[in-house]
Amino acid sequence: MSASATTARRKKTIVDSEVQGGILRKIALHWVALFFCNTLALMIWLRLFEQPEAGWSEAFQECWTRFLPFFIVTMTLIPAFIWDTLKLTNRFAGPISRLRQALRDAGEGRPVGPLKFRTSDYWAEMADDFNRLIRRIASQEAGTGADSDNGVDAEVAS
């Protein structure tokens, strides 16, 4: 699989479902925990300092009534956080996915073109290192006439 141009837009939102899904699940869990803790803190504040004579059910009702706009805004921000997280994780999951495919192709003896990452991706120097390695192996194979396994084994042995 050859790498796309450095300025091209990603066609897939989720490049590596295992990694990106794990990160999204963790962020969603943190967001739910934050929402629950904020609700609990607001309810305790109301019960202890503003309405000490009220019961917990009354404090809960008052909390929902008074802070409903806060809760709505908090819930509506979740999709924005998820989308932004997906965009961020694409900056490292995309390059690793392309590198894994290039390594798989090279390991199976298929030709591998230069690896290029998008300008906003992380680890751009990793593509340069990979390309330098592929060029070196190709030049050794061309110079010695050895097959790819022997060329790589000779490198490892030395």
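This is a predicted model: local features need pLDDT of at least 70, side-chain atom pairs count only at pLDDT 80 or more; totals for chains, interfaces and linings use all residues.
Let me begin with the helix pair, where helix α2, covering residues 56–107, packs with helix α3, covering residues 124–144, at an angle of about 10°, and the two axes are 11 Å apart. Since angles under 35 degrees count as roughly parallel, α2 and α3 are therefore described as roughly parallel to each other. On the α2 side the contact is made by I96, L99, A102, L103 and A106, while α3 contributes M126, F130 and I134. If we sort this contact of α2 with α3 by class, we find 8 nonpolar residues, with no polar and no charged residues.

Turning now to the surface, there is a nonpolar patch formed by F36, L40, I44, W45, L48, F49 and W56, and together these residues have about 750 Å² of accessible area. Helix α1, which spans residues 17–50, supplies the largest share of that patch, namely 6 residues, and F49 is a residue that lies in this helix.

Finally, the charged side chains: a search of the whole structure finds 6 salt bridges, and I would like to pick out the one in which the side chains of E50 and R66 meet, at 2.3 Å from N to O. Here E50 lies in helix α1 and R66 in helix α2, so this pair ties together parts that are 16 residues apart in sequence.

Notes: Residues are numbered from 1 along each chain as its sequence is written. Side-chain values use heavy atoms; hydrogens and water are left out. Axes are lines fitted to C-alpha atoms, for helices over the stretch in contact, and angles run from 0 to 180 degrees between N-to-C directions. Helices (H or I, at least four residues) and strands (E, at least two) are DSSP runs, numbered from the N terminus. Angles under 35 degrees count as roughly parallel, over 145 as roughly antiparallel, 65 to 115 as roughly perpendicular and the rest as oblique. Contact means heavy atoms within 4.5 Å. Ala, Val, Leu, Ile, Met, Phe, Trp, Tyr, Cys and Pro count as nonpolar, Asp, Glu, Lys and Arg as charged, and the others, Gly among them, as polar. Patches are made of residues with over 30% relative accessible area and no salt bridge: like charges are joined within 9 Å, nonpolar side chains (Val, Leu, Ile, Met, Phe, Trp, Tyr) within 5 Å. Accessible areas come from the Shrake-Rupley method with a 1.4 Å probe; for residues, only the protein chains shown count as cover. A salt bridge is a side-chain nitrogen of Lys or Arg within 4 Å of a carboxyl oxygen of Asp or Glu.
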